[in-house]
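Hello,

Here is the structure you asked about, followed by notes on what was found in it. Please keep it open while you read.

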Amino acid sequence: MPDEAHNIPDEPPPILGTWPRIYTAVLIYLAAIITLFFAFTRAFAP
Amino acid sequence: MTAIDWAVLVAWLVFLVSYGLWRGRGSDTANQFLLAGKTMPWYAMGLSIMATQATAITFITTTAQAYTDGMRFVQFYFGLPLAMVILSATAVPIFHRAKVFTAYEYLEKRFDRKTRSLVTAIFLIERGLGSGIALAAPAIALSVILGWPFRVTTIVMGTAVILYTTTGGIKAVTWADVQQMAVITASLILAGIIAVSMLPSDVSFLDAVRIAGAAGKLNVVQTEFNWNDRYNLWSGLIGASFLFLAYFGTDQSQVQRYLTGRSIGQSRLSLLFNAVAKVPMQFGILFIGTIVFVFFIFIQPPLVFQPLAEKQLESKTEYPALQSRFNRAFERRRAAARGVIERHTPAALAEFREAQSQLDAVHAEAVKVGGEPDTNYIFLSFVTRYLPRGIVGLVLGVIFTAAMSAISGEINSLATVTVIDIYRRIAPEATDRQTVFASRLATVFWGAYAIVFSALFGQGFGTLIEAVNQVGSYFYGPMLGVFFIAFFVKRVGGTAVFIGAIAGELAIIAVSRFTHIAYLWYNVVGAAGVIAAALLLSYATQRESTADR
């Protein structure tokens with residue numbers, strides 16, 4: 001089988017130091033964006 | 001379309017195919033052809049994942065969905081960031097470290113051949129059907145707008161895709177996707193700006209938003225829980241999460257994208273990029289749909305948006321009366337909208353909503369007489385009638401290539417699964433060169449299959465498209481259940497998970513047959529069915545073997 005596969009390195013994320021911190025940031029972002037959309041919906045509800 | 005628009009459209013198509021061919025050069029080993037030599041940076045993978053999802057139908061139907069149903073469809077994407085986080089932490093490192101070409105190859109390592117074969121068969125059936133539809137659906141709309149015969153449109157799109165996908169493999173597909181996403185984003189922003197700028201001078205942007213709100217189009221978040229409602233906060237966060245987990249974690253068309261990453265970290269970043277960018281992007285597309293809705297409050301839309309149905313309608317005896325009622329309803333709604341801007345009173349709002357209902361009723365009647373649904377032509381109609389010269393060609397070119405991007409990803413993944421999960425098992429001693437040749441042949445086969453399927457059956461898809469969009473939910477749940485067991489429940493073996501997959505599928509069939517639960521929940525039912533059945537079977541057989549001893 002093809003032979004160019006090499007060991008795949010893991011590496012730290014470019015920001016925030018660890019991957020769990022990045023995941024937490026993404027989930028906070030999701031919560032923030034849903035809150036923002038909810039406020040938008042309420043502000044322009046008929 | 002003017003000559004300038006044709007020139008822009010053709011130039012864009014030629015550029016894209018040439019660029020794909022150029023970037024895909026050097027794909028002459030299986031690892032290069034199928035996994036781009038594992039050299040891809042995160043942004044290329046991330047944009048490619050986004051482009052594969054952003055099909056032509058996304059642009060045509062998502063904007064139309066906002067026009068008719070409001071922006072609540074964006075809730076469907078709330079599950080995506082959750083799924084991306086889970087997959088980044090689990091599937092990405094597992095697949096990378098297993099050094100597999102396909103997700104299904106991993107299943108044989110973890111379970112056995114029959115489980116791998118079952119999931120491979122599910123993928124080929126589901127994605128094979130999807131590739132025909134992915135080609136047919138936009139080809140129908142574009143052929144009507146461009147005035148080309150449907151089969152010519154299908155063949156042009158299909159052949160262009162086969163050309164660069166066969167030559168350059170996944171590297172060509174990925175880099176072509178990057179270009180497409182850049183132009184897709186730019187042209188969408190441009191279309192939005194132009195739509196806003198074409199509103200009457202006395203209607204401000206905020207007025208437009210207020211009118212869209214008054215019409216109930218800005219229903220972005222709906223918190224009421226209802227099993228039968230397709231799009232609300234809960235079906236998005238829970239049901240869609242399962243769909244996205246399955247789509248990005250078990251569907252080779254997506255898994256193959258992040259397997260091309262040069263490291264686990266790069267692959268994770270490509271998924272997390274989508275987690276962050278996708279929801280605002282869908283919000284933007286839906287918002288353009290609502291702006292088009294407001295635009296057509298002040299600029300009279302055609303009686304029906306489908307050009308052929310419009311011509312048919314004009315030849316009917318009912319036409320003059322319908323057109324006259326439509327004109328009156330349009331004028332009433334326009335006046336009512338101005339009332340909403342000027343007064344903001346409940347009475348003004350009530351008058352606007354009544355005028356809107358009246359217009360909707362006349363439009364629905366016209367669509368019935370015209371004999372063709374016109375929802376998919378709302379955005380195309382706006383583009384071709386009102387955008388400036390050159391921009392029309394660009395936007396149509398983008399829709400064209402959005403379709404090509406989705407198809408190229410699909411036939412590339414179908415070819416990969418055919419070669420790795422079928423051919424390599426029949427011919428385990430095949431050389432690297434033979435594997436590449438088989439991959440190219442499989443790409444041509446699946447491309448030709450998509451063209452023939454689309455050309456033969458595409459025009460009968462009117463209502464089938466909706467059904468096929470739901471087909472994924474029939475299969476993804478059980479696939480997700482199988483991979484969940486593979487990743488997290490080490491004591492469950494191949495036979496238990498194989499029977500569990502069949503039980504999960506039966507559970508979905510039962511739910512769809514005997515309840516009215518919205519299809520997004522099928523993913524949850526299927527995955528839970530597989531996990532429960534496999535765990536029970538595993539427990540029962542282990543108890544039996546302990547008792548025998």
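In chain B, helix α3 (residues 42-53) packs against helix α9 (residues 150-197) at an angle of about 75 degrees, and their axes are 8 Å apart. An angle from 65 to 115 degrees counts as roughly perpendicular, so α3(B) and α9(B) are roughly perpendicular to each other. On the α3(B) side the contact is made by B:A44, B:M45, B:L47, B:S48, B:M50, B:A51 and B:T52. On the α9(B) side it is made by B:T174, B:W175, B:D177, B:V178, B:Q180 and B:M181. Sorted by class, this contact has eight nonpolar, four polar and one charged residues.

Please note before going on that this is a predicted model.

Helix α9 of chain B also holds B:A176. Is B:A176 buried or exposed? It has 31 C-beta neighbours inside 10 Å, and therefore counts as buried. Apart from neighbours within four places in sequence, B:A176 is in contact with B:L16, B:Y19, B:G20, B:Y164, B:S405 and B:S408. B:A176 and B:T165 are eleven residues apart in sequence, and their C-alpha atoms are 9.8 Å apart in space.

**The nonpolar core**

The largest nonpolar core has 194 residues, and the members that touch the most others are B:V292, B:I399, B:A403 and B:V482. Which helix gives the largest share of this core? It is helix α13 (residues 264-298) of chain B, with 19 residues. Domain 1 (3-25 + 39-296 + 385-548) and domain 2 (307-372) of chain B both give residues to the core, so the core lies between them. As background, nonpolar side chains tend to be buried together in soluble globular proteins.

B:V482 comes up again among the contacts of B:V119. B:V119 is in helix α8 (residues 113-146) of chain B. There are 30 C-beta neighbours inside 10 Å of B:V119, so this residue counts as buried. Leaving out neighbours within four places in sequence, B:V119 is in contact with B:Y104, B:L107, B:M479 and B:V482. B:V119 and B:I485 are 366 residues apart in sequence but 14 Å apart in space, taken from C-alpha to C-alpha.

Another part of chain B to look at is helix α12 (residues 252-259). Eight of its eight residues are buried, so α12(B) is largely enclosed by the rest of the structure. The buried residues are B:Q252, B:S253, B:Q254, B:V255, B:Q256, B:R257, B:Y258 and B:L259.

**The domains of chain B**

The domain assignment divides chain B into domain 1 (3-25 + 39-296 + 385-548) and domain 2 (307-372). Taken over C-alpha atoms, the centres of these two domains are separated by 36 Å. Their contact takes seven residues from domain 1 and eight residues from domain 2. Which helix gives the most to the domain 1 side of this contact? Helix α10 (residues 205-214) of chain B does, with four residues. By class, the side of domain 1 that touches domain 2 has five nonpolar, no polar and two charged residues.

**Chain A and its contact with chain B**

Chain A has 46 residues, of which buried residues make up 15%. Chain A contains one helix and zero strands. The contact between the chains takes 24 residues from chain A and 34 residues from chain B. On the chain A side, these residues divide into 20 nonpolar, one polar and three charged.

Most residues other than glycine have a negative phi. A:L16 is not a glycine, yet has a positive phi of about 65 degrees. A:L16 is in the segment before α1 (19-43) of chain A. With 13 other C-beta atoms within 10 Å, A:L16 is partly exposed.

In chain B, B:K99 has a positive phi of about 50 degrees although it is not a glycine. B:K99 is found in the loop between α6 (91-98) and α7 (103-110) of chain B. B:K99 has 17 C-beta neighbours inside 10 Å, so it counts as partly exposed.

Regards

Notes. Residues are numbered from 1 along each chain as its sequence is written. Chains are lettered from A and ligands numbered from 1 in the order in which they are written. This is a predicted model: local features need pLDDT of at least 70, side-chain atom pairs count only at pLDDT 80 or more; totals for chains, interfaces and linings use all residues. A nonpolar core is a set of buried Ala, Val, Leu, Ile, Met, Phe, Trp, Tyr and Cys residues joined through C-beta atoms within 7 Å. A residue is buried if 20 or more other C-beta atoms lie within 10 Å of its own, exposed if 12 or fewer, and partly exposed in between; C-beta atoms are placed from the backbone. Helices (H or I, at least four residues) and strands (E, at least two) are DSSP runs, numbered from the N terminus. Domain bounds come from an automatic or database domain assignment. Two residues are in contact if their C-beta atoms, placed from the backbone, lie within 7 Å. Ala, Val, Leu, Ile, Met, Phe, Trp, Tyr, Cys and Pro count as nonpolar, Asp, Glu, Lys and Arg as charged, and the others, Gly among them, as polar. Axes are lines fitted to C-alpha atoms, for helices over the stretch in contact, and angles run from 0 to 180 degrees between N-to-C directions. Angles under 35 degrees count as roughly parallel, over 145 as roughly antiparallel, 65 to 115 as roughly perpendicular and the rest as oblique.
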